[in-house]
Each structure stands twice: as structure tokens, then as C-alpha cells.
Amino acid sequence: LGSTSVHIDSIPNGQGHRTVVAQIVADELGLDPKEITVISDLDTFGGAWSITSGNYSNRFSTAVTSAVALSARKAAGKLRAAAARSLGVAADAVELANGMASAVGGRNEPIPIRRLAAQLHWDTDNFPEGVDGPISELAEFTPAGLGVVGSDDRMRSSLTYSFQCDLAVVEVDEQTGHVTVNKYVSVHDAGNLLNPAVVEGQIQGGFAHGFGAAMLERVTYAPDGTLLSGTFQDYLCPTAPEMPELVVAHAASPSPRTIHGAKGLGDGCSMITPATLANAIADATGLDDLAPPFLPGRLWEGLRGEDPDALLRQPTATASPGATVAPKAGGLSGQDQIEIAAPSREVWDALLDPDTLKRIIPGCESVELSGPDLYRARVRISVAGIGATYEAQIRISDREPPARLRLSGKAESKLGGGEGEAHVTLAEHDGMTKLSYVYRANVSGRLASFGHRMLDGVVRLLLATFFDRLRAVLSGETPPAGLRERWRAWLDLVWRSRGRT
């Protein structure tokens, strides 16, 4: 049929290999790149495998493209030989361009390259001189210059060496730790560029990866190995609004070791961007011990001489004296306080009364005393629009009436379960009671897939609603809105603060 296909052993994952290969073959054969089919599948049942197969270490732009060019030049040589016989000229006088084979002073009109290819395939008894068969070419590129393993078991393992210089101008807000990248310039020496558009995309993509690693992305584990960043609510990737403008420039020193003078480019910005931003931030802040990501909160703590990872290393929360909870590593924890216009004894009694508990527990359907200091409750709660009914048990311990107590419990539903505890202290002054609490909680099952950040917000909201309703009941006020309404109001506030509706 006169069609052109190319098989390569480098499997791309987004670098544009097929585009570049089609371009190289089209240049050698005088065709349009759209006419070239590039096959990058590699199956060892149908193709040879070697240690140099695959896609790694920037081998595509150096080794693979060189082999492709050599193979295409073999094919071009056969096409010129076939055309030379018809045109009545020497093979080196034939020009392959625009899908045609022609020669200045040739005795015939230009010949379609597709016809020449088909002729060599079908007319196997009449090959031109020097042509041994149809066009099916295999080329192996074995570069010079690598040498052999020396007596000290060392050798040169890289064919080419690329160079890159990045410059960043940043501004750090000392009050918030927020970093603004005012300008970022990246200059590359990748030799001769095979396809400038593909190179631009490669640099921009690498920069996005490097910027994300430097400024946002972090895999976080608790001391017990619990993954705290298992969803994109907790593991932050950069999107277009977060990316600063990237200024790209090139300074080419072609490689003498490759067919096109090309060198590698693939890993550049993804590796150098975090170091560049770290140096710029260090210069701006005077900090000499920085570890990415450079999130505002982590930088803010670093500017104040604090350890930005202290909470991950010491999962213990404290509130007022005597109120301590050692949360399980990787769990949700926090603390808060509220003032209630009632004596501490009334607050204490309300916390132990099943009827009051039913009124103040968010989503509560029933509460009953099932044993000494043991309560059983049925609660309906929705998280991220997914609702479930929970069967809960709550136990009261460490009682020191009316000063402090410990609430512990667990709950189960079809979405999963949870367990936790809170230490509550009551301090009365002038008829007012300051209620302080510190808590920890853990979730399991499908609930855990909602992500640490959302679950942390849900737990905080549940507890805030519980104690706010307690304050309202004892103050004679109307209990505040339910959890769903408070959750929606909170989301509305967040979205409006971002200028969205």
C-alpha cells in the first residue's frame, strides 16, 4: 500500500515520542508526519528485548531517535535507488520531498514515494542495483564514547550531559508564611531541540511537578505509620491558578555523540525546581534548615524558631491542668472551650442526664442509660452528603464532680466505625462555668476514605455543636441549628470567602 510504519522499543508515558519519531522519519523520507504510523508497543513475543529497551534516563532523545534516523536513512537509500533507475540519474541526485521522488534533469516526472515503496514490495524479481529486498529496515544505534568497564569497575554510563540553570525571585510574608513567586526563569542546554513544542510541554510539566513537590505536596504519616494524606483533600496538587509564570530559554551546545545533536531533557525542572525555590526562600528568610513542602504554616513556625513537624512527632494534646488525653497516633485530636451561664453543678448534671443528652447530641434519635455510667445512643449523621445511622456506646469515667470527667465511646454503622474520648473540665466563676475539653478520635471503614481534613472538620463541628447546644439549653436559649445546617453554613462561608457562589 505504500504506507509507512515505525516500531520503536521506547514506550512513552506522555512525552510525545510518537510525534517526534513521525517527524524524524518524515524528514528523512520526504513525507508528511501525518502519514507516519508509530507503534510503540513492546511485547517480547514479537520483538526483541534488551537492557536498553524501555523508557528511562532520557534515552529516547539520544539513542532511540538516533536509531530511528539510521533506519529511515536505510529506507531512503532504497527509495532513491528505485527512483534513480526510473529518472535516469544517480541515486544521490534523487530528492525525496513532499511525498515525491524527483531529480533535476531527470527524464521522467516526479514519482510518488508510495509507488516506489509498493514497487519494491511487489516486484521482487527486479530490484535496483544495490537493493537487496523490500523496505523493512532494522537499525541499532551503538554510540561511541562510552568505552568499556575499566580495571576499577568504573565506566561512563551517560552518553550526553545536559545543563540547566534556574533562577527564582520570591517574596515571603513574615506574618503568614505565604510565599509568592514573583518570577521564575529556567534556561536549558539540551543540545539541538528535536521538537520545540514538545520540549516546551516537557519543561512546563516538569516545572509543575517540581513546584508541587516544593510548595504543596506531602505524604504525611503518623508515628504509628497511619497515612494521613490518602486523598486529594489532604494531599495538595498544584492546579493552573497556583502555578507561577515560567520563563523558558535555551542555550544549545549540540552533542557530537547523537545523530541530531540532541541531549536529554526529561527530568530537568522536576528535580531542580524544589532546590531553586528552597534557596530563594532561605535567602529571603535567613532560614538555613528548610525541608519541603514550604507551606505557609510550616514556614510561619520556622520563622518563629518552632519545629513545623512537632505535632506529627508528639501526638499528645493538653488543655487545662488535669485534662490530658493521649490520642492514638494518626487520629483526630483537638481542644476548645466554651462559657456557660450556669453553675458548674448544673452543667455536670446536664451532661449525665439522658434527656438532655438526646437534645444536644447532633442527629440523636434516642439515648438510654444501659448501666452504671454507660449510655446507649442512636445517631443519624451525614458526611459529604452520605448519611448513616450509628449505634453508639458512651461511657463516663474519671469522675470528679463537678470539676472533671472523661467521656469515651465508640460507634458503628454501614459506612464504618469510630472511637474516641474527650476529657472535660468545669471551672466556675461568678455563676459562670468555663467548660474546656480536649479530645481524640479515630475512624475506620469507608469513613476513612473521606480524608483526614474533612473528617477533622466534621469531628470539630460535631463537638462544637454538642457543647453549644448544652450552653443554649442551660441558658434557656433556643438550641442552635442542627449539624447539617451548620455544615452548610460553614461551607457557604468558605466558598464566599473565595469569591465563589
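## A sheet, a cavity and some rings

Trainee: Where do I start? Which strand does S7 pair with in the parallel sense, and over how many bridges?
Mentor: Strand S7, residues 179–189, pairs with S8 in the parallel sense over 5 bridges. Keep in mind that this is a predicted model.

Trainee: Okay. What is the bridge partner of Val187 in S8?
Mentor: Ala249 is the partner of Val187 there.

Trainee: Which helices pack on that sheet, and which strands do they touch?
Mentor: Helix H4, residues 196–215, packs on the sheet and touches S7 and S8. The direction of H4 makes about 130 degrees with that of S8. Helix H5, residues 268–285, also packs on the sheet, touching S6 and S7. The direction of H5 makes about 40 degrees with that of S6.

Trainee: How many strands form the sheet, and in what order?
Mentor: There are 3 strands, in the order S6-S7-S8. The sheet is open and the pairing is mixed.

Trainee: Which strands stand at the edges, and why is one side of each left without a neighbour?
Mentor: S6 (163–172) and S8 (246–250) stand at the edges. Each has a single partner strand, so one side of each has no neighbour in the sheet.

Trainee: How many degrees are neighbouring strands turned against each other?
Mentor: On average 10 degrees, with direction ignored.

Trainee: New topic. How many cavities of 30 Å³ or more does a search of the whole structure find?
Mentor: The search finds 3. The largest cavity holds about 980 Å³ of space.

Trainee: Which residues are closest to the centre of the largest cavity?
Mentor: Ile381, Ala392, Ala411, Leu462 and Leu463. They belong to a lining of 38 residues.

Trainee: Which element gives the largest share of that lining?
Mentor: Helix H10, with 7 residues. H10 spans 452–475. Strands S13 (374–383), S14 (386–400), S15 (404–413), S16 (416–429) and S17 (432–445) each supply at least two lining residues as well.

Trainee: Now the rings. How many aromatic pairs does the structure hold?
Mentor: It holds 5. One of them joins Tyr437 and Tyr439, a tilted pair at 6.5 Å centre to centre, with 35 degrees between the planes.

Trainee: Are Tyr437 and Tyr439 buried or exposed?
Mentor: Both Tyr437 and Tyr439 are buried.

Trainee: And why is the pair of Phe466 and Phe467 edge-to-face?
Mentor: The planes of Phe466 and Phe467 stand at 85 degrees, so the pair is edge-to-face; planes over 60 degrees apart count that way. The ring centres of Phe466 and Phe467 are 4.9 Å apart. Phe466 and Phe467 are both buried.

Trainee: What links Tyr437, Tyr439, Phe466 and Phe467 into a cluster?
Mentor: Ring pairs do.

How values were computed
Residues are numbered from 1 along each chain as its sequence is written. This is a predicted model: local features need pLDDT of at least 70, side-chain atom pairs count only at pLDDT 80 or more; totals for chains, interfaces and linings use all residues. Side-chain values use heavy atoms; hydrogens and water are left out. Rings of Phe, Tyr and Trp (its six-membered ring) pair if their centres lie within 6.5 Å; planes under 30 degrees apart count as stacked, over 60 as edge-to-face and the rest as tilted. Buried means under 20% relative accessible area, exposed over 50%, partly exposed in between (1.4 Å probe, protein chains only). Two strands pair if DSSP finds at least two bridges between them. Helices (H or I, at least four residues) and strands (E, at least two) are DSSP runs, numbered from the N terminus. Axes are lines fitted to C-alpha atoms, for helices over the stretch in contact, and angles run from 0 to 180 degrees between N-to-C directions. Contact means heavy atoms within 4.5 Å. On a 1 Å grid over the protein atoms alone, a cavity is a set of points where a 1.4 Å probe fits but cannot get out, and a pocket is an open set with protein on both sides within 12 Å along at least five of seven lines; lining residues have an atom within 4 Å of a point. Grid points are joined across faces, edges and corners, and a volume is the space filled by probe spheres set on the points.
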